[in-house]
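Colleague: Hi! Could you walk me through this one?
Modeller: Happy to, let's have a look together.

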Amino acid sequence: MIQRIQTVYLLLSAAVSAGLIFILHLWTNSQDVSVYVKDEYLYLGLFLGSALLSLISIFSFKNRKFQFVLGRLNIILNFILLGFFVYQLLMPPGESNISEKGVGIFIPILSIVLLVLANKAIKKDEDLVKSVDRLR
């Protein structure tokens, strides 16, 4: 399980989604207070859901098709999270409480890249197994 490269990618994605959110701030509000994910429950739930999907995908290594589907769902979840961030940042200054963007907004992009690499490796494994089955 751990010797497969997709497991490493999925583990890194889970660590990014569950670990970096407490270190990097999302934005700074108009009172110069840094806003972290733990302050916004919707974003916290989406990030932890993404980490949970990555961990479930790691432990379903015997069923590669299900693992691939979980990776796709996780990518969609991260795109939804990214859409919420873009919506929040594109609101007019009078309606939004954001004065400065933080680095934490780019966490879903890093997670999407890792999940795409993991899905590519899962697909490669599935194709290899199919080609070996054809030879039998």
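This is a predicted model: local features need pLDDT of at least 70, side-chain atom pairs count only at pLDDT 80 or more; totals for chains, interfaces and linings use all residues.

Modeller: Let's start with Arg 4, which counts as buried at 16% relative accessibility (buried means under 20% relative accessible area, exposed over 50%, partly exposed in between, with a 1.4 Å probe and protein chains only).

Colleague: Which side chain does Arg 4 meet in a salt bridge?
Modeller: Asp 125, at 3.3 Å from N to O (a salt bridge is a side-chain nitrogen of Lys or Arg within 4 Å of a carboxyl oxygen of Asp or Glu). Asp 125 lies in helix H4 (residues 107-135) and Arg 4 in the segment before helix H1 (5-19), so the pair ties together parts that are 121 residues apart in sequence. Helices here are DSSP runs of H or I with at least four residues, and strands are runs of E with at least two, numbered from the N terminus.

Colleague: How many salt bridges does the structure hold?
Modeller: It holds 3. One of them joins Arg 64 to Glu 126, with the closest N and O atoms 2.9 Å apart.

Colleague: And is Glu 126 buried or exposed?
Modeller: Glu 126 is buried, at 13% relative accessible area, while Arg 64 is partly exposed at 21%.

Key. Residues are numbered from 1 along each chain as its sequence is written. Side-chain values use heavy atoms; hydrogens and water are left out.
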